[in-house]
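Please read this briefing alongside the sequence and the coordinates. The overall architecture comes before the details of single residues.

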Amino acid sequence: MKIAIGCDHLGLPLKEEIAALLRERHVEFQDYGVCSADKVDYPDIAEQVAGAVQKGESDRGILVCGTGIGMAIAANKVPGIRAAVVHDPYSAERSRKSNDAQVMTMGSLVIGPQLARSLVSIWLESEFQGGDSARKVEKINQIEKKFR
């Protein structure tokens, strides 16, 4: 599995914590920045990470900003991407198992490093369960096609 990761300036410390976890777990990843505290607009990073997932260059993506909300909104604009804000173990698991989210977003001003590590681990270990959820995800895909 290959993961695309990225953040804005607010998410940099938490992204570095996530990168360390991925290295510890021997998970291949591509870092789309940022790598300094210089201000950057989060949609630019969200587009790069979600685009890498959409093109198949990465299997999944992880984005961090202040709340996780802006990154999720921006990533969800990339056709075919389902990005979910994750802030607790249940949302981490269900975003994968029920919603087949390929991108998780987190807020560095909302959660701390240990919780983030736990959420990433849960998310990486969770797979889409299909069943009734497959029908619902397909309906989401049809809504997207209708408005393209």
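This is a predicted model: local features need pLDDT of at least 70, side-chain atom pairs count only at pLDDT 80 or more; totals for chains, interfaces and linings use all residues.

Residues are numbered from 1 along each chain as its sequence is written, and side-chain values use heavy atoms, with hydrogens and water left out.

**Overall fold and dimensions**

- The chain has six helices and five strands, taken as DSSP runs numbered from the N terminus (helices are H or I with at least four residues, strands are E with at least two).
- Along the sequence these elements follow the pattern β-α-β-α-β-α-β-α-β-α-α.
- The C-alpha trace spans about 40 × 30 × 25 Å along its principal axes.

**Burial and contacts**

- Of the 148 residues in the chain, 47% are buried, where buried means under 20% relative accessible area, exposed over 50%, and partly exposed in between (1.4 Å probe, protein chains only).
- Among contacts (heavy atoms within 4.5 Å) between residues at least 6 apart in sequence, 70% join residues at least 24 apart.

- Strand β1 (residues 2–7) and strand β2 (residues 28–31) run parallel and are joined by four bridges; two strands pair if DSSP finds at least two bridges between them.
- In this pairing, K2 of the chain stands opposite E28 in β2.
- Together with helix α1 (residues 12–24), β1 and β2 make a right-handed β-α-β unit, meaning that, with the strands pointing away from the viewer, the path from the first strand over the helix to the second runs clockwise.

**Cysteines**

- The count of disulfides is zero, a disulfide being a pair of cysteine sulfur atoms within 2.5 Å.
- C35 is in no disulfide, and the nearest cysteine sulfur, that of C7, is 7.4 Å away; C35 is exposed, with a relative accessible area of 64%.
- The sulfur of C65 is too far for a bond, because the closest cysteine sulfur, in C7, is 9.6 Å away; C65 is buried, with a relative accessible area of 3%.

**R96**

- R96 is found in helix α4 (residues 89–97) and counts as buried, at 5% relative accessibility.
- Leaving aside residues up to four places away in sequence, R96 touches R60, A101, Q102, W123, S126, E127 and F128.
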